[in-house]
Structure formats: C-alpha cells, structure tokens
Amino acid sequence: DLRVEAIVAYGGTVLVIACLTPVALLIIRPNIGLGVVAGTLLLSLSLTAFEISQEFRRAQLNPIRYMTIGVTRGILGLAFGYAAIELGGGGLGLLVGIGASFLVANVLSFHRNAAKPLRSFSIGYLKTFVRYGFPFLLGALAFALHSALDRLSVAYLLGPSAAGSYGLAADLTRQIAAVLASSAAAAVFPLAFRNLAESGASVTRARLAEGAELLLVLIAPVTVWVAISANVVAATLLGSEFQTRVAA
C-alpha cells in the first residue's frame, strides 16, 4: 500500500510547480493571460491526481470500478466543458470545466477508500517509488515534447489555424487508439507485477510478450481503418468546419 508515498510525492510535485511557475513566467514572459496559465495548471494537476488514483484502482484488479469511474469522469468533463462554453467561458472555461471534472470524479470515488487506514510513511518506499517512476518520467517527457513540438512546427510553418486542425486530428486518432491500448494495459500491468512477485522474471516476460501481441492485434487493424476511413470518421465525429482539414 503506497498511498502515503504517492500523496507525499504528488504534494512535493505540486510544491515544486507552484515555486517554479512564477519564476518561469518572469523569465519567459509569455504572451498568455494569467487566467489561462492558472486554468492549465488546474487541469494538469487535477488530471494527474485522477490518474494516480486510477492506478491504485487498477492495481486492485477491479476493472468494473475502474471503468465506471473513468466513464463517469468522461461524462462530467463533457457536461462541465459544454456548460462552461455555453455560459461564455470560452477556452478558459473549457479548461476549468474539464479540470473540475477530474476533481469531482476523484472526490466521488474517494469515499470508498477513505475508511481504509493508512500505514506510516516510509522514506525507503518513497525512494523505490522514485526509482521505479523515473523511466516513466522520461517517457512522459518525451511524449509531452513530441506532442508540443509537432503542433508548434505546424503553427510556425502553416499558421495557428492549421495547428488547431492538426491538433484535433492528432488527438482524435490518438484517443481512438488509446481506448484500446489502455484497456490492454489495464489488464496486462497488474498481472505482470503479480507474476514478477510470485513467479519470477521469465514468467513475467512471457506475460509481457503476450501483452505486446494483444496490443498489436488491437491497434494495427484500427490504425489501418482510421487511415482508410478518414473522411467517414471526420464527417461523423466533427463539425463541418473541421471535416476537410482533419481528414486530410
């Protein structure tokens, strides 16, 4: 049970971000309003807290509860974001609405685990937690850098409008694949950890190989289908002003 270590690690991360953000704003002086910066931080931190809590639920091998909370969060995000835009909040309102959906979903699901006693904090477990998480940190940074650089490149070469259409197309295809990929990962990861603890590395590698095959079988056909059916996907899921550019 690493809940205490997760809380300490998350709190330390929030503290570092709170200290570095004003310094970054003073040094870089971006042409962005403070409201947008605050809304972005709210969304990022609330999303991260939600993802951490979901990881604990996934480790408990309770897929129904994991799925229920995820679907509830998605519905809340759609409702809050739409309401914020309808009330005149614009892009900032959308950020705040989606960030609030992560917070509310976490609060609604927290009471089920609130009664479980927390064991005492261990610096040794925290060090293990950090060592285990560091490779994931590098992967997440690479993913974030890639997600930012392609949009910035398109904006620089073709303008902000093209960057918006490109970002929508990239996120749409990524989300279609991520639904299947995250489902496979949700099944494979806890079993891999359990096999490593109970059966050793060789059995764990075999289970991970099966997971890689499962990912390939799920993702490859969907990738081909999205490429072939780009016009149909865009026409079905997007407004008319985005369909042509996103399909392209």
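## Exercises on a predicted helical model

At 0% relative accessibility, E5 is classed as buried. The exercises below concern this residue and its chain, in a model that is predicted.

**Exercise 1.** State where E5 lies and whether E5 is buried or exposed.

*Solution.* Begin with the element: E5 is part of helix α1, which covers residues 3-28. Next, apply the cut-off, under which buried means under 20% relative accessible area. E5 has 0% relative accessibility and therefore counts as buried.

**Exercise 2.** List the residues that E5 touches, leaving out those up to four places away in sequence.

*Solution.* Setting aside the sequence neighbours, E5 touches R119, S120, F121 and S122, and also Y125, L126 and F129.

**Exercise 3.** Describe the secondary structure and the extent of the protein chain.

*Solution.* Count the elements: there are nine helices and zero strands. Read from the N terminus, the order is α-α-α-α-α-α-α-α-α. Then take the extent: the C-alpha trace spans about 55 × 45 × 35 Å along its principal axes.

**Exercise 4.** Characterise the burial, contacts and surface of the protein chain.

*Solution.* The chain has 248 residues, and 23% of them count as buried. For contacts, consider pairs at least 6 apart in sequence: 68% of these join residues at least 24 apart. The accessible surface comes to about 16,200 Å², with 73% belonging to carbon and sulfur atoms.

**Exercise 5.** Give the numbers of positive and negative side chains in the protein chain, and the distance between the centres of the two sets.

*Solution.* There are 17 positive and 11 negative side chains. The centres of these two sets lie 7 Å apart.

Key
Residues numbered from 1 in each chain as written. Predicted model: local features only at pLDDT ≥ 70, side-chain atom pairs only at ≥ 80, totals over all residues. Heavy atoms only, no water. Helix = DSSP H or I, 4+ residues; strand = E, 2+ residues; numbered from the N terminus. Buried < 20%, exposed > 50% of the residue type's maximum accessible area, 1.4 Å probe, protein only. Contact = heavy atoms within 4.5 Å. Areas by Shrake-Rupley, 256 points an atom, 1.4 Å probe, with all protein chains shown as cover. Lys, Arg positive; Asp, Glu negative; His and termini not counted. Charge placed at Lys NZ, Arg CZ, Asp CG, Glu CD.
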